[in-house]
Amino acid sequence: MQVKKLTIPDIVRRKQDGPPISSLTAYDYPWAKLIDQAGTDIILVGDSLGMVILGYNGTVAVTMEDMLHHSKAVARAVERALIVTDMPFGSYNCSHSEAITNANRLLKEGGADAVKLEGGTEMAKVAAAIVKAGIPVQGHVGLTPQTATNLGGFRVQGRDARAAQKLFEDARAMEDAGCFSVVLEAIPAPLAAHITKNLSIPTIGIGAGPDCDGQVLVMHDLLGLYERFTPKFVKQYAKLGESALQAIKAYNDEVACRSFPAAEHSFSMKEEELHQLIEKTR
Ligand code: KIV
């Protein structure tokens with residue numbers, strides 16, 4: 001059956017009409033297929049792949065080529081979800097024309113429907129230039145992992161009135177730039193609720209409480225596949241890392257005692273053919 005692909009207006013309408021928007025990261029074909037089949041609205045090819053797929057300590061080292069490689073794999077799998085691909089660090093903090101070129105590549109080569117970039121008021125002009133070029137942009141404010149060092153590390157943002165006002169202005173700047181939605185990461189729930197109430201575009205929260213217009217998580221966190229660090233805001237819905245470890249250990253044990261492969265995993269040949277071979281090669 002043909003599945004209807006979600007569009008930007010479908011996502012934007014959900015702010016008024018609901019239900020809340022569900023978003024999850026994916027980085028490859030098999031997981032993107034499952035996440036799409038489960039009815040997730042936005043699949044984010046996040047630059048978190050630098051940590052959960054490539055094993056870096058952060059996202060700064062992720063390149064355009066990395067993002068294109070994973071975005072293409074996701075795009076081959078997805079039928080319904082809107083695909084948003086992260087612009088990696090260094091791909092938009094440059095001239096507007098270079099940023100537009102990079103965003104174009106993520107759509108044309110990477111199969112993305114939209115791009116995401118991190119930053120508030122200071123990134124509003126580049127976000128606006130990309131939007132003006134016809135490319136849908138999702139903003140990302142609050143804890144912005146690409147520039148986390150400037151923010152004092154991976155910590156909650158906007159806890160006092162001054163910082164909260166700056167975050168409010170950041171989210172507004174992304175709306176004014178023409179973004180179709182904005183991710184709010186690691187900010188107090190009442191601040192996220194206030195921003196959500198005052199913006200006309202959907203807010204997608206990660207560690208931003210229940211009142212955003214949608215929620216996003218990193219799939220490895222949700223499924224228990226990334227052991228190095230689990231933020232407080234993550235709910236682990238499964239422990240697939242543990243199940244995978246048990247399965248791989250069982251395989252290793254069966255190889256060691258020759259109980260794998262069994263007859264049902266092996267191919268046979270006719271007795272006389274084998275005989276002939278033995279005669280000819282003895
Ligand atoms: O890269 C990513 O996965 C993200 C989410 C944490 C929103 O930006």
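Me: Which backbone nitrogen does a side-chain oxygen of D28 reach at the start of α2?

Reply: That of W31. This is a predicted model, and in it the oxygen comes to within 3.2 Å of that nitrogen.

Me: Which residues of α2 are buried?

Reply: A32, I35 and D36 are buried in this helix, which covers residues 29–37.

Me: How do those buried residues sit around the axis of α2?

Reply: They fall within an arc of 100 degrees when you look down the axis, so they line one face of the helix.

Me: And what covers them?

Reply: Several elements do. Among them are the strands β1 (21–25) and β2 (42–45). The helices α4 (64–77) and α9 (219–222) are also included.

Me: What about just after α2, which residue takes a positive phi there?

Reply: G39. Its phi is about 90 degrees.

Me: Which residues other than glycine have a positive phi?

Reply: A186 is one of them, with phi near 50 degrees. R258 is another, with phi near 60 degrees.

Me: Why point those out?

Reply: Because most residues other than glycine have a negative phi.

Me: Where is A186, and is it buried or exposed?

Reply: A186 is in the loop between β6 (181–185) and α8 (189–198). A186 is buried, with a relative accessible area of 6%.

Me: Which residues are joined by cis peptide bonds?

Reply: G18 and P19 are joined by one, with omega about -10 degrees. F260 and P261 are joined by another, with omega about 0 degrees. Most peptide bonds are trans.

Me: Where are the two prolines?

Reply: P19 is in the loop between α1 (8–17) and β1. P261 is in the loop between α10 (240–256) and α11. R258 is found in that loop between α10 and α11 as well.

Me: Switching to strands. Where is K116, and is it buried or exposed?

Reply: K116 is in strand β4, residues 114–118. K116 counts as buried, at 3% relative accessibility.

Me: What does the side chain of K116 join in a polar contact?

Reply: The side chain of D86. The contact is 2.8 Å.

Me: What else is K116 in contact with, leaving aside neighbours within four places in sequence?

Reply: Besides D86, there are L44, V84, T85 and M87. Q138, G139, H140 and V183 are in contact with K116 too.

Me: Okay, S48. Where is that one?

Reply: S48 is in the loop between β2 and α3 (49–52).

Me: Is S48 buried or exposed?

Reply: Buried. Its relative accessible area is 14%, and buried means under 20%.

Me: What does S48 contact, leaving aside neighbours within four places in sequence?

Reply: T25, Y27, T59 and V218.

Me: Last topic, the surface. Which residues make the nonpolar patch?

Reply: M269, L274, L277 and I278 make a nonpolar surface patch of about 350 Å².

Me: Where does L277 sit, and how accessible is it?

Reply: L277 is in helix α11, residues 271–281. L277 is partly exposed, with a relative accessible area of 44%.

Notes. Residues numbered from 1 in each chain as written. Predicted model: local features only at pLDDT ≥ 70, side-chain atom pairs only at ≥ 80, totals over all residues. Heavy atoms only, no water. Buried < 20%, exposed > 50% of the residue type's maximum accessible area, 1.4 Å probe, protein only. Helix = DSSP H or I, 4+ residues; strand = E, 2+ residues; numbered from the N terminus. Arc of directions from axis to C-beta. Contact = heavy atoms within 4.5 Å. Polar contact = N/O pair within 3.5 Å; in protein donor to acceptor, adjacent residues only side chain to side chain. Patch = residues over 30% accessible without salt bridge, like charges linked within 9 Å, V, L, I, M, F, W, Y side chains within 5 Å. Areas by Shrake-Rupley, 256 points an atom, 1.4 Å probe, with all protein chains shown as cover. Salt bridge = Lys/Arg side-chain N within 4 Å of Asp/Glu carboxyl O.
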